[in-house]
Amino acid sequence: MRRIIILLFALSYGLADAFAQQQYVEGVTIESHKFSVRPAGLRSVRFYLNARVNNENDSLLIKCRNITLYKNGEPFASGTCPQITLQAGRYEYNIRATVYLSEGVSTWNAMMAALFFDAKDYSVDFSADVFTADGETLNIVRKEIPLTKYLSN
């Protein structure tokens, strides 16, 4: 069980970091971020992200559509983030999300993956929509981001 939590923790870290890297939007910088992870069940973990954001734009609405962790190219776990409104200026935000094992991935598969964990086997996809105050919509899609970007063995 501890190994499953470690693996889901790795996914949660990737999710937190991907979310914290919303600097794909011009004028938005993440000044700092911290996160914590807690078990939410046998097949899920809940992560909490606290981020200090400087938004030089008018307020922005961010809707995370999906994040998926892949093991050797196959879906392994996934989750979403809540909708967040970034106010203009410098503010702290507290975000909570839950990450689940993918369909067809058993607890046994997760335990084995955690036991023989190698970050090189994993990649992350992330997608979100950003809505500006003037009605513009930006679609952010990042695919096949190696988990080694966030972790090292």
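1. Basis. Because the model is predicted, local features need pLDDT of at least 70 and side-chain atom pairs count only at pLDDT 80 or more, while totals for chains, interfaces and linings use all residues. Residues are numbered from 1 along each chain as its sequence is written, and side-chain values use heavy atoms, with hydrogens and water left out.

2. Core. The largest nonpolar core has 32 residues, and Val53, Leu69, Phe76, Leu86 and Tyr93 touch the most other members. A nonpolar core is here a set of buried Ala, Val, Leu, Ile, Met, Phe, Trp, Tyr and Cys residues joined through side-chain atoms within 4.5 Å. Two or more residues come from each of strand S1 (28-41), strand S2 (44-55), S3, S4, strand S5 (84-86), S6, helix H2 (107-115) and S7. Helices (H or I, at least four residues) and strands (E, at least two) are DSSP runs, numbered from the N terminus.

3. Leu86. Contact means heavy atoms within 4.5 Å. Not counting residues up to four places away in sequence, Leu86 touches Val28, Val53, Asn55, Asp58, Ser59, Leu60, Ile62 and Tyr93.

4. Aromatic pair. The count comes to 1 aromatic pair. Phe76 and Tyr122 form this pair, which is edge-to-face, with 6.0 Å centre to centre and 80° between the planes. The rule takes rings of Phe, Tyr and Trp (its six-membered ring) with centres within 6.5 Å; planes under 30 degrees apart count as stacked, over 60 as edge-to-face and the rest as tilted. The pair links distant parts of the chain, with Phe76 in strand S4 (residues 74-80) and Tyr122 in strand S7 (residues 122-132), 46 residues apart. Phe76 and Tyr122 are both buried. For accessibility, buried means under 20% relative accessible area, exposed over 50%, and partly exposed in between (1.4 Å probe, protein chains only).

5. The whole structure holds 4 salt bridges, each defined as a side-chain nitrogen of Lys or Arg within 4 Å of a carboxyl oxygen of Asp or Glu. One of them joins the side chains of Arg65 and Asp129 at 3.4 Å, N to O. Arg65 lies in strand S3 and Asp129 in strand S7, so the pair ties together parts that are 64 residues apart in sequence. Arg65 is partly exposed at 38% relative accessible area, whereas Asp129 is buried at 13%.

6. Further salt bridges. Asp125 and Lys143 meet through their side chains at 3.9 Å, N to O. This pair also links distant parts of the chain: Asp125 is in strand S7 and Lys143 in strand S8 (residues 137-146), 18 residues apart. Asp125 counts as buried at 11% relative accessibility, while Lys143 is exposed at 58%. Lys120 forms a salt bridge with Asp118, the closest N and O atoms being 3.9 Å apart, and Lys120 is exposed at 64%.

7. Thr68. This residue is found in strand S3 (residues 60-71) and is buried because its relative accessibility is 8%. The side chain of Thr68 makes a polar contact with the side chain of Asn66 at 2.9 Å. A polar contact is a pair of N or O atoms within 3.5 Å; within protein, one must be able to donate a hydrogen and the other to accept it, and residues adjacent in sequence count only if both atoms are side-chain atoms. Leaving aside neighbours within four places in sequence, Thr68 is in contact with Pro75, Ala77, Ser78, Ser123, Val124 and Asp125.

8. Thr98. Strand S6 (residues 89-101) contains Thr98, which is buried at 16% relative accessibility. Leaving aside neighbours within four places in sequence, its contacts are Ser44, Val45, Arg46, Ser78, Gly79 and Thr80.
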